[in-house]
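Have the viewer open while you read.

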Amino acid sequence: MSIQPSSRKPRVAVVFGGRSSEHAISVLTAGAVLSAIDRDKYDVLPIGITTDGRWALTADDPSRMAIADRALPSVEQLAESSDGTVMLPVDPASREVVYSEPGSVPKALGDVDVVFPVLHGPYGEDGTLQGLLELSGVPYVGSGVLASAVGMDKEYMKRVFISFGLPVGPYVVIRPREWENDPAAARKAVVDFAADHGWPVFVKPARAGSSMGISKVEDLAGLDEAIEEARRHDPKVLVESLLRGREIECGVLEFEDGPRASVPAEIPPVTAHDFYDFEAKYIDSAEGVVPAPLTPEQTAEVQRLAVAAFDAASCEGLVRADFFLQDDGEFVINEINTMPGFTPISMYPRMWQESGVGYAELVDRLIQAALRRPTGLR
C-alpha cells in the first residue's frame, strides 16, 4: 500500500548528469534506474543537468543512456531543447516543477513527491543538491547534506572514521595553497610520507569518484604530473600509501528497521590495467566476484565495518563501502560512496541481487525510504 495520502501515484524525479567529471557515469546510472522503476507504481520525470549546469527536460529513453562504441552519453544528447530550463520549487509549501523556454509561457510539469538524484561527484553527490532539496522541502533518495559532503571529501571522511575508531590507511593531503604557493614544500611532504610508508603511492583528487584523476606513482619523477592530473578534477589532492591486499566491497541499504549490509564482493586484480581505474570499471567491464570468497568471520567483520561506516558518517538510504583486506588479515576502509553507480555492471546492485534484493526491489526500497523520511533536521 502506498504511503502517500493522495490516491495518485507518487511522482519520482530522476535527476542526473551534472557538472562534475562523472557526468557520463551519472547518465549511465540514470538509464538503469529509469529502466527499473515500476511505472505501475510511480510516475517518472527525468531531469538532466548539463555539463554547464542547466536543468533540462530529457527524453525518458534509457536505451540512449548507454555506452555506444566506447562513447559515453551526455545530457546534451538527451535534452528536448537546447535552451529550455526546468525549475524546482523554492517554496516548501509547493512541489510543482516548472519548465520554461525563451519566448514561451512557462509550463507546469506537476508536483514531484520525491527526487532520486543519481549524480556522482561534486555539484550533486557532495551535499549541494541535497541542500537545495532541503530548502525546497522535497524528499530525496540517499544521504543528507552532512553525510553527502563527508562522503565526497576523502580527507574528512577519513578524519570522521578515525574519530570513530575505524581502520584507515596512511595518507597526506596537499591543499590548494600549499601547491600553488610552495610546491617544493608540498613535494617534500610527499617524499617524507613515502620515506615512512614506501613507494609507490596513489595520488588522487580529494573530492572525485569513479577513479577519475588517480595515478599510481612509483617515485619522485612522476609526482608532479600526477598531482597536476588530480588537480584537473579537484584543487585539493590526497596521497595514499599502497595497501597490499585484496579489494573488498560491501553494500549498505536502509531497511525499515535500520541499515543492513549485503554480501561482500571482491574486485580481482585487473591484468590489463595497473589498478582498478575508470576504463577498467566502465569501458572494459572488469568483473567482480560476488559473493567474495571470504571466511564467515571475515564476511561478518566487513559487514560490521560497512554498517559502522554508514552510521559514523550519518548516512541514509544507501552506501557502498570499499575496503582492503590486508595480508595480515585486517580490514582497512578505503572510502564510502553515498551514491554508488547503478550501471548494469555496478557492484552495489550486484551485491544486493546476491543478497536477495533484486534491482527493481532495490530501487523501490530506496524510493520508499525517501518518502518515509522527513526533510529538515532529523
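What pLDDT does the protein chain average, and what percentage of the residues score at least 70? The average is 91, and 93% of the residues reach at least 70; pLDDT is the predictor's confidence in each residue, on a scale from 0 to 100. This is a predicted model, so local features need pLDDT of at least 70 and side-chain atom pairs count only at pLDDT 80 or more, while totals for chains, interfaces and linings use all residues. Residues are numbered from 1 along each chain as its sequence is written, and side-chain values use heavy atoms, with hydrogens and water left out.

**Where to be careful**

Over residues 1-5 the pLDDT stays under 50, and the model has seven contacts there beyond four places in sequence (a contact means heavy atoms within 4.5 Å). Residues 280-285 also stay under 50, with 23 contacts beyond four places in sequence. Where pLDDT is low, the predicted coordinates should not be read in detail.

Strands and helices here are DSSP runs numbered from the N terminus: E over at least two residues for strands, H or I over at least four for helices. Two strands pair if DSSP finds at least two bridges between them.

Take β12 (residues 245-255). Eight of its 11 residues are buried, so β12 is largely enclosed by the rest of the structure. Buried means under 20% relative accessible area, exposed means over 50%, and partly exposed is in between (1.4 Å probe, protein chains only).

| Partner strand | Bridges to β12 | A bridge pair |
|---|---|---|
| β15 (residues 318-326) | nine | glycine 245 with glutamine 326 |
| β14 (residues 265-267) | three | isoleucine 248 with glutamate 266 |

Phenylalanine 255 has something else going on: arginine 260 lies over the face of its ring, at 4.0 Å from the ring centre. The rule for a charge over a ring is NZ of Lys or CZ of Arg within 6 Å of the ring centre and within 35 degrees of the ring normal. Arginine 19 does likewise with tyrosine 123, its charged end sitting 4.0 Å from the centre of that ring.

**Two open sheets**

β9 (residues 201-205) pairs with β10 over three antiparallel bridges, and valine 201 stands opposite valine 217 in β10.

β4 and β5 (residues 96-100) share three bridges, and threonine 85 stands opposite serine 100 in β5.

**An aromatic cluster**

Rings of Phe, Tyr and Trp (its six-membered ring) pair if their centres lie within 6.5 Å; planes under 30 degrees apart count as stacked, over 60 as edge-to-face and the rest as tilted. How many aromatic pairs does this rule give? The count is five. In one of them, the rings of phenylalanine 342 and tyrosine 348 have centres 5.8 Å apart and planes at 55°, so the pair is tilted. Both residues are buried. Phenylalanine 342 also forms an edge-to-face pair with tyrosine 359, at 6.1 Å centre to centre and 70° between the planes. That pair links distant parts of the chain, 17 residues apart: phenylalanine 342 is in the loop between β16 (331-337) and α11 (347-354), and tyrosine 359 is in helix α12 (residues 359-372).

Why does phenylalanine 342 count as buried? Its relative accessibility is 0%. Tyrosine 359, at 21%, counts as partly exposed. Phe116, Phe342, Tyr348 and Tyr359 form one aromatic cluster.
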